[in-house]
Amino acid sequence: MVWSSVEFADFPYWATVLFTVADFAIRIALLGIVPGNRRPAVAMAWLLVIFFLPIPGLLLFLLLGSFQLGGQRRSRQIAVNSELRRATAHMDLPNQADAAPNYVAANSKLTRRLTGFPMLDGNVFEYLTDYRATLELMAQDIDAAQDYVNVMFYIVGTDPKNRPGYADVVLDAMVRAVQRGVTVRLIFDHVGTARVRGYRQLLSRLDAAGIDYHRSLPVRPWRGEYQRPDLRNHRKMVVVDGTIGYTGSMNLIEPGYKRSSAHKMGRHWQDMMARMEGPSVASLDLVFATDWFSETGKQLQQDLRGVTESEIEDHEGPAAQIIPSGPGFSQENNLRAFNHLFYSATESIRVVTPYLVPDDSMLYALTSAAQRGVRVELLVVRRADQLAVHHAQQSYFEQLLRAGIHIYRYPDPDVLHSKLFTIDNDVGIFGSSNMDMRSFSLNSEVTVMVVGPEEVAKLDGIIDEYQAKCEHLVLKDWLARPRHRRWLDNVFRLTSALQ
């Protein structure tokens, strides 16, 4: 901004000159610094902030401008990725992938080069949408554990007294496992969990039980633990003895997230988890081991079950590939895999996501698919639980609708929190990743790609259940919104690019 002479009337001349020179120096210097290795839209958003607020903008950029992990975490991630590629180099692509359209094998090869994780067949998937029943099933599997249980969630929260029978069911099973000599490891995101009511009581409970737990990406500068504060570990998973795994969109907390506002309005988070058996569970276990190594410096691979030769030779059951992504990877693995699948679709794309804030590449992939005749369906929430995301995602609706995309909005007050999509009759995707720039660059996520019409039909069945409750948004009605709402949506669209 241009400072008026009135604002400097009481300052000495030398101070005014010094401030003015510093002001312009900051702008000129950052003009050549900010765009480095950033999308043009992201760079322009940062430059806009710095132009209007040079000094506060500079401080904000220094705090939030880099989405890379700290040097130690980054070096550990690189070491694990290199070891994984070496250990899986002998594994061939399953015949099921070769039997599918060519783009499926191409996508698998792309993902493997980015992550090191191979596609493996011989899996079994059970898709779960009942919140309480899912947690009870997790607890049953943990109660049957004989060797180890690895648990990782973005948010962990004990049950409030008036809402029993959710997270506590799993936490109690973890305590029982420790008592009978099973190794129980827990990772939770520090910021995501610490802001939930009852955090201190949770820590006391874990300490008393003897559960080996660690905070992921802790922000505790007084202990020398600090990185960009909005880099988060958003993964959700449970692995029991290396033979049974869970992953998806659910956090380890009751479905109202211990928020009094959500309880008052009767809001619940609707989620989907998958229970897995087969060799892909070992891949999920390796994702956990990578995060454990990042936080503790301790290697777990030698303590994990791994993939057996009999599992590699057993081809009965769908092929699947685990896709980890986040700041520990430099290539935005999930975004590249998703866009490749969207461009490959010939009949249908069906997406369920609570947060739809695509970057330009994904926006073009989706609209291009619709414009070439693919039926594209997007299921989103009518009212997101986060104000900025709610308005930012609405700013894209007009462009999506004009391209011929069908938008379905899940009724509030509930939050449709599941994250999944299907492509034609070939591929299904589910996991922790939203369709927003935060999930592509800032959050550590884990995604599963499954191959085959049987799995796609199961996932489409879940989408059908969600869609039956939705309203179909029509362009004419959307354009009739008040102008002040459009203005607000566009303002928050700018903030979505600040990474």
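Student: What is the size, in residues, of the largest nonpolar core, and which residues have the most contacts inside it?

Tutor: The largest nonpolar core has 131 residues, and Phe 342, Ile 349 and Phe 430 are those with the most contacts inside it. Helix H8 (residues 167–179) supplies the largest share of this core, seven residues. A second, separate core of nine residues includes Leu 30, Val 34, Ala 43 and Ile 50. This is a predicted model, in which local features need pLDDT of at least 70 and side-chain atom pairs count only at pLDDT 80 or more, while totals for chains, interfaces and linings use all residues. Residues are numbered from 1 along each chain as its sequence is written, and side-chain values use heavy atoms, with hydrogens and water left out.

Student: What makes a set of residues a nonpolar core?

Tutor: The set must consist of buried Ala, Val, Leu, Ile, Met, Phe, Trp, Tyr and Cys residues joined through side-chain atoms within 4.5 Å. Buried here means under 20% relative accessible area, while exposed means over 50% and partly exposed lies in between (1.4 Å probe, protein chains only).

Student: Which residues does Phe 430 touch, not counting residues up to four places away in sequence?

Tutor: Among them are Phe 125, Tyr 127, Met 272, Ala 274, Val 448, Val 450 and Leu 459, where contact means heavy atoms within 4.5 Å.

Student: Why do strand E2 and strand E5 stand at the edges of the sheet?

Tutor: Seven strands form an open sheet with mixed pairing, in the order E2-E10-E8-E7-E3-E4-E5. Strand E2 (124–128) and strand E5 (212–216) each have a single partner strand, so one side of each is left without a neighbour in the sheet. From one strand to the next, the twist averages 15°. Strands are DSSP runs of E with at least two residues and helices are runs of H or I with at least four, both numbered from the N terminus.

Student: How do you know that strand E3 and strand E7 are joined?

Tutor: Two strands pair if DSSP finds at least two bridges between them, and four bridges join strand E3 (residues 148–153) to strand E7 (residues 237–240), which run antiparallel. Within this pairing, the bridge partner of Met 152 in E7 is Met 237.

Student: Why is the contact between Arg 163 and Glu 254 called a salt bridge?

Tutor: A salt bridge is a side-chain nitrogen of Lys or Arg within 4 Å of a carboxyl oxygen of Asp or Glu, and the closest N and O atoms of Arg 163 and Glu 254 are 3.1 Å apart, so the pair meets the definition. The two residues are 91 residues apart and link distant parts of the chain, with Arg 163 in the loop between E3 and H8 and Glu 254 in the loop between strand E8 (244–248) and helix H11 (260–265). Arg 163 counts as buried at 16% relative accessibility, and Glu 254 also counts as buried, at 0%.

Student: How many salt bridges does a search of the whole structure find?

Tutor: The search finds 19 salt bridges. One of them joins Asp 168 to Arg 205, with the closest N and O atoms 2.9 Å apart. Asp 168 is buried because its relative accessibility is 19%, whereas Arg 205 is partly exposed because its value is 26%.

Student: Where does Asp 285 lie, and how far away is the nearest side chain of opposite charge?

Tutor: Asp 285 lies in helix H12 (residues 280–296). Asp 285 is buried yet has no salt bridge, and the nearest side chain of opposite charge, Arg 185, is 6.5 Å away. For charge, Lys and Arg count as positive and Asp and Glu as negative, while His and the chain ends are not counted. Leaving aside neighbours within four places in sequence, the contacts of Asp 285 are Tyr 148, Asn 150, Val 239, Gly 242 and Leu 304.

Student: What is the phi of Leu 217, and what is the phi of Asp 424?

Tutor: Most residues other than glycine have a negative phi, and most peptide bonds are trans. Phi of Leu 217 is near 50°, a positive value in a residue other than glycine, and Asp 424, which is not a glycine, has a positive phi of about 50°. Leu 217 counts as buried at 4% relative accessibility, and Asp 424 counts as buried at 7%.

Student: Which residues does a cis peptide bond join?

Tutor: A cis peptide bond joins Asp 412 and Pro 413, with omega about 15°. Pro 413 has its place in the loop between strand E15 (406–410) and strand E16 (415–416).

Definitions and conventions: Axes are lines fitted to C-alpha atoms, for helices over the stretch in contact, and angles run from 0 to 180 degrees between N-to-C directions.
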